[in-house]
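Here are my notes after going through the model you sent. Have it open while you read.

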Amino acid sequence: MSFSSDLKEELSKISNHKNECCKLAELAGYLITNCNVVKENGEFILKMTTESSSAIRRVYNAFKNLYNIEPITNVTNQTVDREMLFELVVRDKMDLQRLFQNTLINIDSNLQIIVDDNGKIKEKECCKKAFIRGVFMGGGSITTPEHANHLEIVLNNVQNANFINSILHSLDINAKIIKRKKMTVIYVKDSEAISNFLILIGSNRGTLAFEQTRVIKEYRNNMNRKINCEVANMDKIAVAASRQLNDILLLKKMKKFEELPEEIKKLAKLREEHPEANLEKLGEMLEPKLSKAGVSHRFKKIKLLADELRDE
């Protein structure tokens, strides 16, 4: 199973809330993201499809407990990935009427299910969290943490997307909205925000798994940055040492090396003996010891003399 599937499986088994308002809010979140009103044989029906048997069972129980509605459940054909698809259908006209009269959703002129809660979802933080949990179970996904930090919720209605985004921002989750073909996508890429999102929808195992992966990724990234920095420094040292050795070789070739002051000759000999050493290490090898700036100053004198010979 994917990381998202594991999350939804966990969320579908969270103990139902005692507060009816939270049950309504969670169901509303699920219905606006994974439910359609379609016409079959001249009759309007409500239909939802998912790969999660636990999610179907949770929604079925919500219909039964909240509205005394017993939907029809089916197992449809397998998907390309050979996953079973579970379908939930409400056909009875009276059931549909009762559902849309007493819930937090409605149907627009395009037969799209939209939020119509008269501000009830935003009244309590527990209801907002339950609503977002339902939204994620219905239309959300999170990329496997090892690969990337990406959470998204896909919707077919801009009105619902704006409402969901306002709830997320009120819960301090900074999400953004983009258009993707005919769909509207709410997404989050910040790893800390995704972790906070998992906490607020009640996914303990998912949060732990995400955080463990996040820590490992950050450690690896820091190590890679450190290694790259060290390699870059070694390259710089090697280039500088090569230039210094060329200057020393030129001075020797032109019989000018012995004319150098004794302290500069000592440094030049150390460079020949330790081509891999940085300026700080060379300074520590001298007697008396010399600072990095002092070593650099002496190499500059060698370079000036070598450049004069090159210009002749």
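1. Which residue does Lys13 form a salt bridge with? The partner is Glu9, and the closest N and O atoms are 4.0 Å apart. Keep in mind that this is a predicted model. Lys13 itself is exposed, at 59% relative accessible area.

2. Next, have a look at Arg58 and Glu26, another salt bridge, with 2.6 Å between the closest N and O atoms. Arg58 sits in helix 3 (residues 53-67) and Glu26 in helix 2 (residues 20-33), so this pair ties together parts that are 32 residues apart in sequence. Both Arg58 and Glu26 are buried.

3. Glu43 and Lys93 also meet through their side chains in a salt bridge (3.7 Å, N to O). Here strand 2 (residues 43-50) supplies Glu43 and helix 4 (residues 93-102) supplies Lys93, distant parts of the chain that lie 50 residues apart. Glu43 counts as partly exposed at 36% relative accessibility, while Lys93, at 58%, counts as exposed.

4. There's a network too: Asp247, Lys303, Asp307 and Arg310 are joined by salt bridges that share partners. The whole structure has 14 salt bridges.

5. On to helix packing. The axes of helix 1 (residues 3-11) and helix 8 come within 8 Å and cross at roughly 150 degrees, which means the two helices are roughly antiparallel. Helix 1 makes the contact with Phe3, Leu7 and Glu10; the helix 8 side includes Asn204, Arg205 and Phe210.

6. Last one: Tyr219, in helix 8 (residues 204-253), is exposed at 56% relative accessibility. Together with Met223, Ile227 and Val231, Tyr219 forms a nonpolar surface patch of about 370 Å² accessible area.

Technical notes. Residues numbered from 1 in each chain as written. Predicted model: local features only at pLDDT ≥ 70, side-chain atom pairs only at ≥ 80, totals over all residues. Heavy atoms only, no water. Patch = residues over 30% accessible without salt bridge, like charges linked within 9 Å, V, L, I, M, F, W, Y side chains within 5 Å. Areas by Shrake-Rupley, 256 points an atom, 1.4 Å probe, with all protein chains shown as cover. Helix = DSSP H or I, 4+ residues; strand = E, 2+ residues; numbered from the N terminus. Buried < 20%, exposed > 50% of the residue type's maximum accessible area, 1.4 Å probe, protein only. Axes fitted to C-alpha atoms, helices over the stretch in contact; angles between N-to-C directions. Parallel < 35°, antiparallel > 145°, perpendicular 65-115°, else oblique. Contact = heavy atoms within 4.5 Å.
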